[in-house]
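Grab a viewer and a pencil. Here are a few exercises on reading a sheet, each with a worked solution.

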Amino acid sequence: MLLVVLVVAEKSPVGGGSLPGQDLPTWVVALRALKQSDDQLSASLRVQQPPIIGRVQDGRVLLDPRTVQGTEEAEMLDGVKKALAGH
């Protein structure tokens with residue numbers, strides 16, 4: 001599966017809705033699969049164990065690693081690989 005990966009500056013909502021309109025500057029990993037739509041990639045990520053939750057924006061799936069612990073990075077990367085492979 002061909003994939004375009006970029007690290008881009010973004011804003012993410014604070015507090016999961018508890019502070020409406022408040023954003024926090026962050027860096028996100030933007031994924032664009034060349035043979036999958038953004039919605040298909042997002043759905044494939046959500047069914048991984050553990051689920052990988054991103055947001056679809058501008059034809060890309062944005063993953064904000066701000067809440068990913070260092071010990072979870074390898075597991076997240078493995079889930080992205082599996083989602084791209086169709087597992």
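The exercises below go from the whole sheet to one of its strands.

This is a predicted model, where local features need pLDDT of at least 70, side-chain atom pairs count only at pLDDT 80 or more, and totals for chains, interfaces and linings use all residues. Residues are numbered from 1 along each chain as its sequence is written, and side-chain values use heavy atoms, with hydrogens and water left out.

**Exercise 1.** Work out the strand order and find the edges.

*Solution.* Start with the strands, which are DSSP runs of E, at least two residues, numbered from the N terminus. Two of them pair if DSSP finds at least two bridges between them. That gives an open, antiparallel sheet of 4 strands in the order S1-S2-S4-S3. S1 (3–13) and S3 (55–57) each have a single partner strand, so one side of each lacks a neighbour in the sheet.

**Exercise 2.** Trace the pairings of S4.

*Solution.* First take S3: 3 bridges join it to S4 (residues 60–63), with Arg55 opposite Leu62. Next take S2: 3 bridges join S2 to S4 as well, and Val29 has Leu63 as its bridge partner. Finally, look at the hairpin of S3 and S4: 2 residues lie between the strands, and Asp58 takes a positive phi near 55 degrees.

**Exercise 3.** Are the side chains on the two faces of S4 buried or exposed?

*Solution.* Buried means under 20% relative accessible area (1.4 Å probe, protein chains only). On one side, Arg60 and Leu62 are buried; on the other, Val61 and Leu63 are buried too.

Notes
Buried means under 20% relative accessible area, exposed over 50%, partly exposed in between (1.4 Å probe, protein chains only).
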